[in-house]
Amino acid sequence: MTDAILKTHAQLVIEGKTHYLPILKGAEGDKAIDISTLMKETGYVVYDVGSKNSATCSSAITFLDGDKGILRYRGYDIEDLAEKCLFIEVAYLLLHNKLPNREELEGFRTLLEEYALLHEDMIHFFDHFPPNASPMAILSVMVNSLHNYYPEMGGDPLENIDKTASRLISKVRTIAAFSYKKSMGHPLVYPRNDLSYCGNFLNMMFDTPVRPYTVQPEVVAAMNKLLILHADHEQNCSTSAVRLVGSAGVNLYASISAGINALWGPLHGGANEAVIQMLQAIYADGNDYKKYIAKAKDKNDPFRLSGFGHRVYRTYDPRGTIIKKACDGILAVLNVSDPLLEIARNLEDIVLNDEYFVSRNLYPNVDFYSGIIYRAIGIPTNMFTVMFALGRLPGWIAQWKEMREDPQTKIMRPRQVYAGEPQRTFIPIGERF
Ligand code: SDX
């Protein structure tokens, strides 16, 4: 075998035979072994529970370096985007691989305004959800149903991705705010085109006929930052769900609804809600940190420290760093003092100095401090994961678009290692015991 092949291929020896598998090099020096022909060549599949060691696609949208704590959307560092952009600028960047100029941004903003209303018939859905319905269940149902009320959305969403994306990004914001108003038994507040994307959401959430809401620039800035930080994150669980469902050829809305359902899980986007519940439990327990640290270490206890650990980051999640810094500023502006922030900081200090967590590279992730800011703004805990979905939406759409445009895309159909019964002779029911 020539040196060139040995440099560009991995060698796999199975039953005495050497197989040469191509080595792929990513744009940032990331490496992969292409096993596309493995089954055909060797009859073997690879076994990788949770896809910890498997790349399911090639993507140009987001780059993560889990060891260095690097996160970039389309090559731009998250620190720059979070500090200097509007959320709708970043949404455009994710969809188009370029930061919009003024004209492009205005065009996108106009589409978001145009599509902010929800079909009046869809508003009746809210009358039939039980009062304590989960906002994530409502969001998933409503997004799936958009397909029925906007048949034009059923066309090829790739034809005009700006129209498709802005419809979803705008209507999901309205759905989220309406679900909150309904849960409070308050009259709906309709979107207003004189307000920004985030200002509109805040006004729809908190304006009431008896107490007009004042949209504060600092709160709008905090919400922009949070949505940007959640906008995409490579091939995480919910994005993989969007890609997997979309790979069957199903429409964008059903694919996004699948992503919403995956994000709901407490191991994923549901962690931001679970963090607050954990901090409240510690507070109620007289700040008995030791009890919760012990539970987290106890292999017989399913409890985990929500907001800590990550499949990719082996250091501080760069998003967590930015959010932690933003906490003090926004709480001061809103004149809010939240005892949970102190508890979160103390818990972090203990964890970062405890060998169990340090040896497992467990650091605060994006979900650990985000809830502190949502609480300060007035967003209820059960809406935290909806906020995560609002931020992640442009990333999901961009990933879905990339998957559909990729000529290599095939329906996702993983294999298994069979662990069941060997062949058995059928027994008629009269002879069964
Ligand atoms: C998000 O993938 C993404 O990019 C997701 C996300 C995105 O933007 O899309 O970043 C958003 O989902 C962030 C993660 C939010 N989830 C949580 O905060 C829930 C708490 N975290 C864990 O459940 C866990 O850390 C995961 C689910 C995030 C990652 O789990 P892995 O990669 O499967 O790691 P693992 O379960 O194999 O854990 C390795 C070890 C185990 O101990 P040992 O078996 O080696 O003894 O670390 C321990 C685990 O028990 N461990 C924890 C822990 N997380 C891992 N122990 C206590 N508390 C924790 N939080």
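In which loop is Arg 304 found? Arg 304 is found in the loop between α14 (289-297) and α15 (318-333), helices and strands being DSSP runs (H or I of at least four residues for helices, E of at least two for strands) numbered from the N terminus.

The views below show a predicted model, in which local features need pLDDT of at least 70 and side-chain atom pairs count only at pLDDT 80 or more, whereas totals for chains, interfaces and linings use all residues. Residues are numbered from 1 along each chain as its sequence is written, and side-chain values use heavy atoms, with hydrogens and water left out.

**View A. A patch of positive charge on the surface gathers Lys 52, Lys 299, Arg 304, Arg 311, Arg 314 and Arg 360.** Patches are made of residues with over 30% relative accessible area and no salt bridge, like charges being joined within 9 Å and nonpolar side chains (Val, Leu, Ile, Met, Phe, Trp, Tyr) within 5 Å. Lys and Arg count as positive and Asp and Glu as negative, while His and the chain ends are not counted; the place of a charge is taken as NZ of Lys, CZ of Arg, CG of Asp or CD of Glu. Arg 304, one of the members of this patch, is exposed, with a relative accessible area of 64%. Here and in the other views, buried means under 20% relative accessible area, exposed over 50% and partly exposed in between, and the areas come from the Shrake-Rupley method with a 1.4 Å probe, only the protein chains shown counting as cover for residues.

**View B. Salt bridges join Lys 295 to Asp 301 and Lys 297 to Asp 354.** A salt bridge is a side-chain nitrogen of Lys or Arg within 4 Å of a carboxyl oxygen of Asp or Glu, and the structure holds 18 of them. Between Lys 295 and Asp 301 the closest N and O atoms are 2.9 Å apart; Lys 295 is partly exposed at 27% relative accessibility, whereas Asp 301 is buried at 17%. For Lys 297 and Asp 354, the closest N and O atoms are 2.6 Å apart. Because Lys 297 lies in helix α14 and Asp 354 in the loop between α16 (339-351) and α17 (355-358), this pair ties together parts that are 57 residues apart in sequence. Lys 297 counts as partly exposed, at 31% relative accessibility, and Asp 354 as buried, with a relative accessible area of 14%.

**View D. Phe 126, Phe 129, Phe 178 and Tyr 190 form one aromatic cluster.** Rings of Phe, Tyr and Trp (its six-membered ring) pair if their centres lie within 6.5 Å, and planes under 30 degrees apart count as stacked, over 60 as edge-to-face and the rest as tilted. The structure holds 13 aromatic pairs. Among them, Phe 126 and Phe 129 form an edge-to-face pair, at 6.2 Å centre to centre and with 70° between the planes. Phe 126 is buried, with a relative accessible area of 5%, while Phe 129 counts as partly exposed at 22% relative accessibility.

**View E. Phe 308 and Phe 368 form a tilted aromatic pair, 4.6 Å centre to centre with 55° between the planes.** Phe 308 lies in the loop between α14 and α15 and Phe 368 in helix α18 (residues 367-377), so the pair ties together parts that are 60 residues apart in sequence.

**View F. Met 39, Val 45, Tyr 47, Val 49 and Val 417 make a nonpolar surface patch of about 510 Å².** Val 45 lies in the loop between α2 (38-42) and β4 (62-65), where Val 45 is partly exposed, with a relative accessible area of 33%.

Definitions and conventions:
Buried < 20%, exposed > 50% of the residue type's maximum accessible area, 1.4 Å probe, protein only.
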